[in-house]
Amino acid sequence: MKKSQKKEEPTIAVGMDTEEELREDASMKEIEKGDYTQVTTLSYDENDPS
């Protein structure tokens, strides 16, 4: 018997403002349930002359 392995990937709805959604803090209720994700934002500094 073969078991199909389904890889679950995070998704964001089309048209969703991702910047605002990713900056929103988790509520205390979400934190207590473990229903949150730590987000790290990296940005490229285009003004750096180096």
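**Exercise 1.** Which residues make the nonpolar surface patch of about 340 Å²?

*Solution.* This is a predicted model. In it, Met 28, Ile 31 and Tyr 36 make the patch. Take Tyr 36 next. Tyr 36 lies in the segment after α2, and α2 spans 28-33. Its relative accessibility is 49%.

**Exercise 2.** Find the patch of negative charge on the surface, then decide: is Glu 24 buried or exposed?

*Solution.* Start with the members. They are Glu 20, Glu 21, Glu 24, Asp 25, Glu 30 and Asp 35. Now place Glu 24. Glu 24 sits in the loop between α1 (18-23) and α2. Its relative accessibility is 57%. Exposed means over 50%. So Glu 24 counts as exposed.

**Exercise 3.** Describe the protein chain as a whole: how many helices and strands does it have, and what share of its residues is buried?

*Solution.* Count the elements. The chain has two helices and zero strands. Then check burial. Of the 50 residues, 0% are buried. Buried means under 20% relative accessible area. Finish with the surface. The chain exposes about 6100 Å². Carbon and sulfur atoms supply 47% of that area.

Terms used
Residues numbered from 1 in each chain as written. Predicted model: local features only at pLDDT ≥ 70, side-chain atom pairs only at ≥ 80, totals over all residues. Heavy atoms only, no water. Helix = DSSP H or I, 4+ residues; strand = E, 2+ residues; numbered from the N terminus. Buried < 20%, exposed > 50% of the residue type's maximum accessible area, 1.4 Å probe, protein only. Areas by Shrake-Rupley, 256 points an atom, 1.4 Å probe, with all protein chains shown as cover. Patch = residues over 30% accessible without salt bridge, like charges linked within 9 Å, V, L, I, M, F, W, Y side chains within 5 Å. Salt bridge = Lys/Arg side-chain N within 4 Å of Asp/Glu carboxyl O. Lys, Arg positive; Asp, Glu negative; His and termini not counted. Charge placed at Lys NZ, Arg CZ, Asp CG, Glu CD.
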